[in-house]
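Morning. Please have the model up on your screens.

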Amino acid sequence: MTNLTEVENRAGIARITCGWKKPELPLTWVRRYWRDVHSPAISRRAGIYDYRHYQYDDVDPALLGGVGGVQLECSRGEQLMWTSDVRYRDDAGLAAFDATPPPDVKPHLLGDIELIVDRSTTYRAVGANTRTYADRTGDATPQGPPTAPAYALFMRRRRDEPSFRECVRALARRWAGLDGVLRVRMSLFDAPDMEAERKAGYPIKTHPPEQQYQATVEIVLGGRDTGRELLGDRVAVDWARSIRTIHAYPVAACYTSVYAGRPTLVGLRGYAANQAISALGAQNQEEPGLLEWMYGAAARDGVSGE
């Protein structure tokens, strides 16, 4: 196990929110808003251990090659546009998150959902059901377009939950051992809990049950062609017996706003500022004293490693 996987696997709870934008809004501006306005605000909430926002291109049904009896295609009107993956070390971290910001402020933060979101479903994965099996990317906090082909494989089950989950676990472990695979992070979802979301103050805009998923595996490949090597004939038969659907979403961009319990520079200042600081080597703008003066307690210990 590498250090990167050890750090990620300290998180025992994942809340992964999958969304579509309202049809009248330009996708470019929705992506910028989520990256540079919404995510920096979320990164200031207490209790977060890891926060990554993923933006997706259209599903790539050819990535894995053909698998008989398994649905690989997805109509454009049903495809996810993003996921916000927020992780907590434990229940105490999640409780601290839910308690911030104060009740008179929280509606203004969650107003972004009413502003942007047409459909959104939040899935929870806990304990051994959320695990990073491998990370050989050398990049703890990816920012922007991926440097290697990256995908989120969203799955729906064909059979009972135990056999489905064991199948996904077996595939994730196998993929983590392949030379051409750089990263594997698996999440097996509990059924969405709408009452819990409502109590936390979130507007309920969930996808209909037939469009919901039961698992996702984030995978980074040495090259796109590696995707066809993930499922040999024998493995494909086993896979198709338990998994009904897999949608391979290419990652257009990933923005890491919190890592190992501390905000990143992107989480504090936004991606555009991070790009400018990196381009000019402006290390003075990363000094902990300056960041604490600008952002208060959120930056007290500096930023998490870029």
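I start with a salt bridge between the side chains of arginine 124 and aspartate 91, at 3.8 Å from N to O. Keep in mind that this is a predicted model. Arginine 124 sits in strand β4, residues 117–126, and aspartate 91 in helix α3, residues 91–98, so the bridge ties together parts 33 residues apart in sequence. Arginine 124 is partly exposed, at 31% relative accessible area, while aspartate 91 counts as exposed at 53%.

How many salt bridges are there by this rule? The count comes to 19.

Compare arginine 76 and aspartate 58, whose closest N and O atoms are 3.3 Å apart in a salt bridge. Both residues are in the loop between β2 and β3, 18 residues apart. Arginine 76 is exposed at 65%, and aspartate 58 is partly exposed at 39%.

Some bridges share partners, and one network formed that way includes Glu8, Arg52, Arg87, Asp135 and Glu218.

Now the cores. The largest nonpolar core has 31 residues, and Leu153, Met155, Val168, Trp175, Ile219 and Trp239 have the most contacts inside it. Elements that each supply at least two of its residues include β7 (150–157), β9 (215–221) and α7 (233–242). Helix α5 gives the most, with seven residues. There is also a second, separate core of 21 residues, with Cys18, Trp20, Tyr56 and Cys74 among them. As for leucine 153, its contacts beyond four places in sequence include Leu63, Trp175, Val217, Ile219 and Ile246.

Last, helix α9, residues 271–280. Which of its residues are buried? Tyr271, Asn274 and Ile277 are. Viewed down the helix axis, the buried residues of α9 fall within an arc of 125 degrees, so they line one face. These buried residues pack against α2 (27–42), β6 (143–144), β10 and α8 (265–269). On the face turned away from the buried side are the exposed residues Ala279 and Leu280. After α9 comes glycine 281, with a positive phi near 60 degrees.

Key: Residues numbered from 1 in each chain as written. Predicted model: local features only at pLDDT ≥ 70, side-chain atom pairs only at ≥ 80, totals over all residues. Heavy atoms only, no water. Core = buried A, V, L, I, M, F, W, Y, C linked by side-chain atoms within 4.5 Å. Buried < 20%, exposed > 50% of the residue type's maximum accessible area, 1.4 Å probe, protein only. Helix = DSSP H or I, 4+ residues; strand = E, 2+ residues; numbered from the N terminus. Contact = heavy atoms within 4.5 Å. Arc of directions from axis to C-beta. Salt bridge = Lys/Arg side-chain N within 4 Å of Asp/Glu carboxyl O.
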